[in-house]
Amino acid sequence: MRRATLRAPLARRRPRVPLQVARGLAATSPPDARRLSTRSLPDYNTQVDVANIRLSKPKRPPPTKRRKAADGEWQGLKDLRARLKAEGSMVDQTLVDMESDADFQRTLKAYKEKGAAKLTLEEKKERRRQLDALGVPEFFDFLGRELETPSKARKSCEVFQLNVGLYCNQACAHCHVESSPKRFEAMSEAVAERCVEILAASPSVHTLDITGGAPELNPQFRAIVEGARRAVGDRVDIIDRCNLTVLTEPGQEDLADFLAHHGVRVVASLPCYSSKNVNQQRGRGVFGRSIEGLRVLNEAGYGAEGGDLHMDLVYNPLGAFLPPPQEALEAKYHEELKREFGVDFNELFTMTNMPIKRFADFLSRRGELKDYLDLLVRNFNPDTVDTLMCRNTLSVSWDGSVYDCDFNQQLGNPLALQDAPLASVFDFRSTDEFLESDIRFDNHCFGCTAGMGSS
Ligand code: SF4
Ligand code: SF4
């Protein structure tokens with residue numbers, strides 16, 4: 001699978017279409033996000049200096065003496081590459097941190113005792129209970145109240161999204177797929193090959209969106225990219241949802257060249273340009289490794305203005321607030337990343353945090369779930385409704401089952417099909433066969449329609 005030397009890039013070109021996708025690592029905003037109306041969004045006022053936003057933490061006594069930098073803290077650019085090489089994989093550290101994190105342990109225990117399906121059901125009920133307390137109806141009824149012609153219709157199937165598995169070298173506090181080094185669900189070769197066949201038989205698909213976990217650590221990742229390029233050439237843009245730190249993992253030294261060679265667009269999560277905030281949300285040492293990942297991608301040709309290899313970043317808030325305006329934050333990111341680290345990227349997408357899975361737990365533990373749902377409903381933006389990700393996407397799980405979007409996938413909400421409870425990639429040939437199926441909206445969908453949206 002790994003190749004020491006790679007041929008010249010097949011197709012270095014600017015993707016034809018704007019992004020539109022879900023997260024995991026994260027997601028991007030709708031194509032027209034920058035043109036969406038912000039009138040009457042009362043809480044769309046988060047400051048652009050996101051590095052200065054701090055989460056409330058339990059009070060601790062002040063430190064009595066200056067301490068040395070702990071393992072995993074940002075220690076500057078000097079010798080960064082050599083230091084990370086000496087450290088090796090970050091998986092061991094992530095596992096140690098999970099062991100000592102009371103929240104992870106509580107969630108793990110609940111998973112063992114109740115199972116994923118029961119926990120997901122409890123989570124849905126809790127969202128409903130809080131929305132009831134706020135007097136907010138079901139999502140589609142709410143749309144009926146706000147819009148003249150609400151619709152559940154899918155418009156097209158242009159984006160084919162594959163979640164190839166849940167294994168990740170990180171275990172971020174807000175992960176909506178609950179990924180970590182302890183999750184071994186992974187797409188099989190048979191499912192991966194079938195997905196490439198479907199792609200080839202689906203002329204309306206213009207984007208193949210590969211996500212995870214850390215998708216690059218899945219054994220099928222490179223085979224899918226190579227198979228897709230062989231099957232459809234440049235007809236389809238391929239997106240890799242990259243957590244950046246994966247580029248520093250042993251065995252991934254040629255990843256940037258592999259991506260460049262196949263003209264893969266990189267969409268990477270970086271929730272701040274400050275080490276403290278990134279490490280707090282995504283784990284110890286993640287900031288330094290992310291900066292190194294960005295530098296490696298820049299060296300491979302990614303992120304240059306006017307270049308063909310696109311590298312976009314995704315910002316999602318640290319806590320229960322809406323992201324700041326995208327354009328202003330993008331300018332700030334460009335300035336900070338260039339000045340401090342010499343890093344270039346193309347665009348920044350801001351995402352609203354979806355109140356599901358780990359982020360829902362995070363809110364519940366702080367007693368903030370109701371307030372957050374209230375914030376989402378209060379900032380309902382009708383302009384997002386026509387460009388929701390589910391309007392033109394099909395999302396495939398690691399086991400081959402098919403959903404409207406990655407969020408529905410993680411919540412186990414199957415497609416709203418009349419004759420089959422759960423569609424599998426082995427049940428259809430082309431994505432166009434789903435054009436008639438309705439979208440299955442649910443309570444979490446308020447996360448996609450707040451502010452500038454989340455899909
Ligand atoms: S744990 Fe992995 S998949 Fe989840 S948000 Fe973090 S990097 Fe992304
Ligand atoms: S969460 Fe709901 S609104 Fe958002 S993409 Fe999925 S189905 Fe559509």
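Biologist: How do the residues of the shell around ligand 2 divide into nonpolar, polar and charged?
Modeller: This is a predicted model, where local features need pLDDT of at least 70, side-chain atom pairs count only at pLDDT 80 or more, and totals for chains, interfaces and linings use all residues. Residues are numbered from 1 along each chain as its sequence is written, while chains are lettered from A and ligands numbered from 1 in the order written. With Ala, Val, Leu, Ile, Met, Phe, Trp, Tyr, Cys and Pro as nonpolar, Asp, Glu, Lys and Arg as charged and the others, Gly among them, as polar, the shell of ligand 2 has 9 nonpolar, 3 polar and 1 charged.

Biologist: Which residues come nearest to ligand 2?
Modeller: A residue is near if its C-beta atom, placed from the backbone, lies within 6 Å. Of the 13 around ligand 2, the nearest are Cys390, Cys405, Phe407, Cys445 and Cys448.

Biologist: How many residues of strand β3 are buried?
Modeller: Happy to check: buried means 20 or more other C-beta atoms within 10 Å of the residue's own, again placed from the backbone. Asp237, Ile239 and Arg241 are buried on one side, and Ile238, Asp240 and Cys242 on the other. Strand β3 (residues 237–242) is largely enclosed by the rest of the structure, because the buried count is 6 of the 6.

Biologist: In β4, which residue is the bridge partner of Asp240?
Modeller: Strands are DSSP runs (E, at least two residues) numbered from the N terminus, and two pair if DSSP finds at least two bridges. β3 pairs with β4 (residues 265–269) in the parallel sense over 4 bridges. For Asp240, the partner in β4 is Val266.

Key
Buried ≥ 20, exposed ≤ 12 C-beta atoms within 10 Å, placed from the backbone.
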